[in-house]
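Please read these points with the sequence and the model open side by side. They go through a few places one at a time.

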Amino acid sequence: MNTAELTPAGELTAEELGTVHLIGIGGVGMGGLARLLLTRGVPVSGSELREWPALAALRALGGTVHMAHEASNLDGVDTVVYSTAIPQDHVEIVEARRRGLRVLHRSEALAAAMTGRRTIAVAGTHGKTTTTSIMTVILQHAGEDPSFVIGGEISAAGSNGHHGSGGYFVAEADESDKSFLIYRPHVAIITNIEGDHLNNWGDLAGLKAGFLEFAELTDPDGFVVTCADDAGVQELIAALRAAGRTVYTYGESSGADLRVTDVVSSVQGVRYQATLDGKPLGEIALALPGRHMGLNGAAAVLTALRLGIPLQKITEALASFPGVRRRFERKGTVAGVRVYDEYAYHPTSVKAALRTLREVAGDGRLVVVFQPYRVYRTRDLQAELAEGLALADEVIVMEVFGPGEQRGPGEGGVALTAAIDLPAEHKVFVPSWEDVPAEVLRRSRPGDVVVTMGAPPISMMGDELLAALAEA
């Protein structure tokens, strides 16, 4: 994507979009934007090819959903919104341009909704969705009523988008297609930088340069928050500070502004001792397990403190945080088998998630159903993915989910399965969705933890596994 052709934040408002039509409205990114616009009073329609879970809620909010992609869907529409996954020869984009309608990338429509708000944009290779969600909940708990659009649903609220009455706008900023470069945040949070989406960035140096450009778009009177522990952000910190920009850091490193020590993670959650600028803050606890979850929370804690949110409000919000759907989400327990769902698909996040699930499993075994996400990533990071999956006791690998991609010879689920360093009887490639529940039944027993992990479609597998376990 050429971001130079996109409209930066501040040049449009959501109301100026008129009636908005979203292609692929059921996806999590489009669904969050649709929720935001609908709760703001902007008329919304959209098109889909399958009945995604989010569609019922969008209809309840007044949205119109067409279950087909057709030119006639655009009758009465002023603005058509597409995502990077939608090709430019899509029937609705072609028709919109023929009619002379405004055609915007999702990020442009989101930028329009940010106009007039103090935006907190959360970027990074890992942890964006959880950090954005925690930041939102802290502001809500403090009575700020922020607007927000998140790449996942806050579990208790069942929402990933909302128009609030307050002055803050919290948004997950996606680096994958470079679209985060059109935002103009007041605060930029960068959780970490690691090689990913290099099909768009070329190499790690290009990716780091992109994150630096994003950070430099922050308001001069705003600030950047990032992790002192992460090797990928060190050059960025140095460059920003050399340019006179305000950068605050968090982490276990001794030089962090918000220093995290004595980290303890268990099935009840993660807790740590915190100091800010050398002054003790006491214990901070998050009701989600995992050291990485603690760091995600610390990014939001530091941001909130620098924005003047009282510590008590922050700790109360963290203690009540319900988690995010598809991020360490417990789907249920049947016949003594606990079933979780987890969005992790990059090797680093796969390893972090499986280490945490290993803690949860206790004396039970860890059974993973993994659906790789994107052919290029699975190919280029095969060794690292295999290393992460080998942390499990049993691994079921599905075929790669890569819309629009072609698998080359020797690529895909078969090759990944072969690369996992587990005995042959403890790993298997299952290309057919319908065959997965039976394979899980064969491999699991009471006390085990089963996790569905990876590409978006796998999120629907957990309920099928619970049903299969109940019928066994």
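**Notes on the model**

1. K128 is found in helix α5; helices (H or I, at least four residues) and strands (E, at least two) are DSSP runs, numbered from the N terminus. This is a predicted model, in which local features need pLDDT of at least 70 and side-chain atom pairs count only at pLDDT 80 or more, while totals for chains, interfaces and linings use all residues. Residues are numbered from 1 along each chain as its sequence is written, and side-chain values use heavy atoms, with hydrogens and water left out.

2. Is K128 buried or exposed? K128 has a relative accessible area of 12%, so it is buried (under 20% relative accessible area; exposed is over 50%, partly exposed in between, with a 1.4 Å probe and protein chains only). Not counting residues up to four places away in sequence, K128 touches V122, A123, E172, A173 and E175; contact means heavy atoms within 4.5 Å.

3. The UniProt record, an unreviewed entry, places a "binding site" at G124, T125, H126, G127, K128, T129 and T130. UniProt positions are given in the numbering used here, feature names are shortened, and annotations may be inferred rather than shown by experiment.

4. H126, one of the residues in that record, sits in the loop between β6 (118–123) and α5 (128–141). H126 is buried, at a relative accessible area of 13%. With neighbours within four places in sequence left aside, the contacts of H126 are T191, N192, E194, H346, T348 and S349.

5. V451 belongs to strand β21 (residues 449–454). Its relative accessibility is 0%, so V451 counts as buried. Which residues does V451 contact, leaving aside its neighbours within four places in sequence? They are Y340, D341, E342, L354, L357, L366, V367, V368 and V369. V451 is also 98 residues from A353 in sequence, with 9.8 Å between their C-alpha atoms in space.

6. Two packed helices are described by the angle between their axes and the distance between the axes. For α15 (residues 436–443) and α16 (residues 461–471), the axes come within 9 Å and cross at roughly 55 degrees. Axes are lines fitted to C-alpha atoms, for helices over the stretch in contact, and angles run from 0 to 180 degrees between N-to-C directions. The angle makes α15 oblique to α16, because angles under 35 degrees count as roughly parallel, over 145 as roughly antiparallel, 65 to 115 as roughly perpendicular and the rest as oblique.

7. In the contact between these helices, V436, P437, V440 and L441 of α15 meet M461, E464, L465, A468 and L469 of α16. The residues of this contact divide into eight nonpolar, no polar and one charged (Ala, Val, Leu, Ile, Met, Phe, Trp, Tyr, Cys and Pro count as nonpolar, Asp, Glu, Lys and Arg as charged, and the others, Gly among them, as polar).
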